[in-house]
Amino acid sequence: MHPATLCIRRDLSLVLGGWMALPGGEDTGLLLAASVVADGYFIDEPGLLYRKHPDQITAQADWTATAEWQLRMQLIESRAIALRSLLLPSAA
C-alpha cells in the first residue's frame with residue numbers, strides 16, 4: 001500500500017490539517033490520520049508503478065538516515081495516537 005494512490009474527501013483532509021509540514025512522509029501522515037477517523041476502502045488492483053530515480057527525495061541518503069526517519073515516523077505516529085485518544089477515549 002502506498003499513500004500516493006490515496007483518494008480522500010476534501011473536507012476530511014481539511015479537518016485533519018492536510019499534509020503535515022515534513023520534509024518527507026507527509027502523505028503517510030495524512031493516510032494514518034485519516035485511517036483513525038474514517039473508514040476506508042482497499043482496492044486490491046495496482047494503482048501505481050513505483051520507481052525510483054537518482055534525483056528523487058526518497059533516493060537520497062538523508063531520507064533513509066535513521067535519526068531523520070525515526071523523528072518523522074514518531075511525529076506521524078503521535079498525530080494518529082492523539083486523534084485516536086480524542087475520538088475514541090476508551091481505546092487509549
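The largest nonpolar core of this predicted model consists of five residues, Leu12, Leu16, Leu30, Ala33 and Ala34. Such a core is a set of buried Ala, Val, Leu, Ile, Met, Phe, Trp, Tyr and Cys residues joined through side-chain atoms within 4.5 Å; buried denotes under 20% relative accessible area, exposed over 50%, and partly exposed the range in between (1.4 Å probe, protein chains only). Helix 2 is the main contributor to this core, giving three residues. In soluble globular proteins, nonpolar side chains tend to be buried together. When neighbours within four places in sequence are set aside, Ala33 is in contact (heavy atoms within 4.5 Å) with Leu16, Arg79 and Leu83.

The chain contains four helices and zero strands, arranged along the sequence in the pattern α-α-α-α. The C-alpha trace spans about 45 × 35 × 20 Å along its principal axes. Of the contacts between residues at least 6 apart in sequence, 64% join residues at least 24 apart. Buried residues account for 24% of the 92 residues. The chain exposes about 7200 Å², of which carbon and sulfur atoms supply 58%; accessible areas were computed by the Shrake-Rupley method with a 1.4 Å probe, and for residues only the protein chains shown count as cover.

Arg72 lies in helix 4 (residues 66-87) and counts as buried because its relative accessibility is 4%. Beyond its neighbours within four places in sequence, Arg72 is in contact with Pro23, Gly24 and Trp63. Ala65 is located in the loop between helix 3 (61-64) and helix 4 and is partly exposed, with a relative accessible area of 32%. The C-alpha atoms of Ala65 and Ala33 are 24 Å apart in space, the two residues being 32 apart in sequence.

Val37 belongs to helix 2 (residues 26-37) and is partly exposed, at 33% relative accessible area.

Residues are numbered from 1 along each chain as its sequence is written, and side-chain values use heavy atoms, with hydrogens and water left out. In this predicted model, local features need pLDDT of at least 70 and side-chain atom pairs count only at pLDDT 80 or more, whereas totals for chains, interfaces and linings use all residues.

How values were computed. Helix = DSSP H or I, 4+ residues; strand = E, 2+ residues; numbered from the N terminus.
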